[in-house]
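Student: I'd like to learn how to read aromatic contacts in a model. Can we work through one together?

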Amino acid sequence: MHTISQSTISILGGAGKAGRPLVQAALGAAYRVRLLLRHPDQSTIRDTNLTILPGDARDADALRDLLTGSSALLSTLGHPKGETVPITSGVTRGIIAAMTQAGISRYVVVSSLFDTGQEPLDGPTRAAADYMQQHFPAMMNDRRVEYQLLHDSDLDWTYVRVPHILPEAEAAGYVVAAHQLPGQHIAGVDLARFLIDQLTDRSYHRQALFVASRS
């Protein structure tokens, strides 16, 4: 895996089950990492190349501070615990504005939305998409707005759709598919590896795709 020595990247969602392995993988790949956390005292990762900024992704000033000096933004941001109103589309509007202002184009985001309405899905993936829509309609609708905002933006985005994340599972390698879930789960370390790879791999420029761990 090739990286640009000491390049700086920004990360959102770095305290979650997908975010913690991502932060560790980025540091392991010799990136300088800027991490925005609502509760920075809860982070257990310490590294000379890690800068933790207190703040909320819904705050425009916090986003601008986070992106300072960065070449790309990676997000595994989920829905805040205890809140009922979806935040994804609002955060995405702020991200697009902040990245445009900062002159940063590369954005890689992990999503729970399986059906963007832009591609055919196989039977199992369609069933999973229908399940998510039935049980989490407000969040899925907001995710769909998120996708459309990115689709209509000038950002160099990659939209990463994943099955159940296993944060403690061992690495198995990842597999990518365009129109269906290629597996039932993904290890946190495999997802992190894929996300980091997208910093130097342009194969999935402005694409929504599915990623899972190899069986």
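Student: Is W157 buried or exposed?

Tutor: Buried means under 20% relative accessible area, exposed over 50%, and partly exposed in between (1.4 Å probe, protein chains only). W157 has a relative accessible area of 1%, so W157 is buried. Y147 is buried too, at 5%. Before we go on: this is a predicted model, where local features need pLDDT of at least 70, side-chain atom pairs count only at pLDDT 80 or more, and totals for chains, interfaces and linings use all residues. Residues are numbered from 1 along each chain as its sequence is written, and side-chain values use heavy atoms, with hydrogens and water left out.

Student: How many aromatic pairs are there?

Tutor: Rings of Phe, Tyr and Trp (its six-membered ring) pair if their centres lie within 6.5 Å; planes under 30 degrees apart count as stacked, over 60 as edge-to-face, the rest as tilted. That rule gives five aromatic pairs. Take Y147 and W157: the ring centres are 5.8 Å apart and the planes sit at 80°, so this pair is edge-to-face.

Student: Which parts of the chain does that pair link?

Tutor: Distant ones: Y147 is in helix α5 (residues 137–152) and W157 in strand β6 (residues 156–161), 10 residues apart. Helices (H or I, at least four residues) and strands (E, at least two) are DSSP runs, numbered from the N terminus. Y147 and W157 also form one aromatic cluster with Y159.

Student: Where does R161 lie?

Tutor: A charge sits over a ring if NZ of Lys or CZ of Arg is within 6 Å of the ring centre and within 35 degrees of the ring normal. Here R161 lies over the face of F210, 4.0 Å from the ring centre.
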